[in-house]
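Here are my notes on the charged side chains. Please read them with the model open.

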Amino acid sequence: MSQQNKDAPLPGGLELSPAQLRDGRTHTRLGALARLKERPPRVGRVEWMKQVARETGIGFSTLSRWAREERQGKAAGARAPLRVAVSSRAGAVGVALRSSSFTPDAIEYGISLLMRNPRLGIRDSYLELSNKAAREGWEIGSEASWYRVVRQVPPAVRSVATGGRRALEALVTPPVQRDFSAYHAHEMLVGDQHIFDYIVLDDDGNPVRPNIFAWGDFRSRYFSGLWPVLGPYDKWSVGFALREACRWGIPKNLYNDNGRPERSHYMASLRQQLSGYTAFRRWGKDDVGQHFARPRNAQAKLIESWFFHAVERPLMQKDIPGYARRDGDEKTNDMIQELLRDATRKKKLWHFRDFFEVFLGVLDRWHRHRMSEAGIVPREEFLAGIAEAPLVKLTDRTLDFLIFPSESRLVRDSSVRLKLPGWGVCTWYAPELSALCARGRRQRVEVKYNPYDPASAYVLDKESSELICIAERWEKIDPKDGTALGRKIRRQRQLIGWWMEIAADLSSRAGAKPVKLSPYTAAAQAAATQKRLKEDVAIDRAALQARLIELAQTAREA
């Protein structure tokens with residue numbers, strides 16, 4: 001096509017410049033106008049325009065204006081294309097901000113202001129920009145024009161200003177897809193806390209929000225270790241859930257949040273013991289590794305999506321009273337809170353045991369269903385993998401004992417003391433510990449206890465890890481309770497009596513008589529020792545002289 005034909009006037013007297021022909025908005029406009037001209041004979045003009053508006057997604061008022069301007073001889077908008085005022089490009093991505101009313105200096109200052117002050121609103125940034133432009137002599141447009149300029153900034157750039165690099169990664173980077181079938185069963189366990197969306201009642205009738213800590217197998221999506229708690233989770237729930245998972249075999253690696261319970265000394269000690277070492281002595285690297293998720297990177301922990309599909313969605317279909325999840329919509333949230341108050345008032349809330357029974361039933365259905373994407377049944381895949389995987393297994397009795405926290409403590413007054421969360425200072429007493437009492441440098445022992453029931457504690461030798469005794473709780477008593485006081489005093493006298501009996505037995509076996517020592521006993525012993533040494537020296541000198549005389553006589557005779 002020649003240049004003359006390209007710039008020729010359109011039919012009907014409409015003319016377009018080359019710049020307008022290259023503009024995509026002009027093509028959209030011409031297409032809509034052509035569609036308007038295809039109106040059937042028996043369809044009204046307004047009716048047809050509404051139908052075209054629905055088909056093209058263009059507003060009815062916009063189509064009316066375009067039709068009116070066409071009748072006036074305008075085939076494109078009268079406004080010229082906006083010039084690029086500010087642009088930036090890096091690699092394959094770029095930003096171009098267009099404006100005809102703001103100078104480039106004004107746009108650069110305003111955008112920089114918003115980037116450096118994420119909490120600053122667009123209106124406030126325009127006011128600050130107006131003050132700066134008045135001082136610098138910049139040309140700026142209206143507030144509405146500034147809103148249009150800011151809307152041209154891509155969300156990726158705005159996310160860097162509001163949330164930094166992590167927010168940008170969550171918005172634009174595609175997740176790394178991993179094939180978890182490459183893992184063996186229990187080679188990698190992922191753990192996380194889950195807060196249920198319901199309020200239940202505890203044994204005292206108080207409303208609480210139940211939680212669980214769960215460990216799931218990456219390969220099979222099977223939840224191999226669970227531990228329920230009423231209230232916030234802690235390090236004990238993390239460890240006890242791991243104990244349930246370890247009944248299938250000792251895992252190779254753990255993957256969990258970067259929280260305080262997961263990073264606690266208790267978890268480090270537990271991994272050390274599962275690796276075959278004692279709580280306080282290690283000779284090599286732990287066999288059970290632990291990896292921590294990056295903060296605000298929930299998509300990397302697949303167990304969170306497992307929770308939704310395996311637990312929350314099925315529970316929502318059960319119509320369980322006490323639903324308490326906060327909704328973003330204000331009206332919906334008010335309705336949820338009203339239903340919760342009504343259930344509490346009418347005593348319809350479930351007991352936590354009934355709730356956990358329903359939860360276990362829902363979880364069992366998840367373990368037995370076939371996953372559409374992976375094409376596996378979690379329970380079958382897990383059991384088959386456990387049978388083939390080379391896992392080390394400990395007896396249930398060993399696991400139950402090993403899971404208890406271990407602390408190093410000094411023996412004092414035939415007892416050991418620990419401060420436990422929720423229990424305060426706990427003291428455990430055993431007569432066997434009295435043999436370890438000493439003045440000055442006391443002996444340290446290893447103390448294992450149940451954090452949920454500290455009625456007794458296991459005391460072990462710190463070097464050999466052999467059991468010394470099982471100590472019982474030595475609790476405080478009511479000073480007005482004479483019966484309890486009498487029992488305590490009898491226990492004290494019993495211990496003293498045993499040691500007195502041993503001392504009397506040892507002192508009477510050889511029939512030795514008591515010896516009364518004098519302050520001069522040591523001096524007398526030292527004097528006798530020195531006198532004996534001098535006599536030995538005199539004897540040696542006399543013998544030496546006799547030997548010399550004998551040798552001299554022998555020499556003369558020769």
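**Notes on charges and salt bridges**

1. Arg-35 is partly exposed, at a relative accessible area of 25%. The class runs between buried (under 20%) and exposed (over 50%), with a 1.4 Å probe and protein chains only. Arg-35 pairs with Glu-38 in a salt bridge, with closest N and O atoms 2.6 Å apart. Glu-38 is partly exposed too, at 46%.

2. This is a predicted model: local features need pLDDT of at least 70, side-chain atom pairs count only at pLDDT 80 or more, and totals for chains, interfaces and linings use all residues. Residues are numbered from 1 along each chain as its sequence is written, and side-chain values use heavy atoms, leaving out hydrogens and water.

3. How many salt bridges does the rule give? The count is 20. The rule asks for a side-chain nitrogen of Lys or Arg within 4 Å of a carboxyl oxygen of Asp or Glu.

4. Arg-243 is buried, with 11% relative accessible area. Its salt-bridge partner is Glu-244, at 3.1 Å between the closest N and O atoms. Glu-244 is partly exposed, at 21%. Shared partners link Arg-243, Glu-244, Arg-247, Asp-396 and Asp-400 into one salt-bridge network.

5. Lys-346 forms a salt bridge with Asp-342, at 3.5 Å from N to O. Lys-346 is partly exposed, with 49% relative accessible area.

6. Arg-39, Arg-45, Arg-68 and Arg-71 make up a positive surface patch. Patch residues have over 30% relative accessible area and no salt bridge, and like charges are joined within 9 Å. Arg-45 counts as exposed because its relative accessibility is 52%.

Definitions and conventions
Patch = residues over 30% accessible without salt bridge, like charges linked within 9 Å, V, L, I, M, F, W, Y side chains within 5 Å. Areas by Shrake-Rupley, 256 points an atom, 1.4 Å probe, with all protein chains shown as cover. Lys, Arg positive; Asp, Glu negative; His and termini not counted. Charge placed at Lys NZ, Arg CZ, Asp CG, Glu CD.
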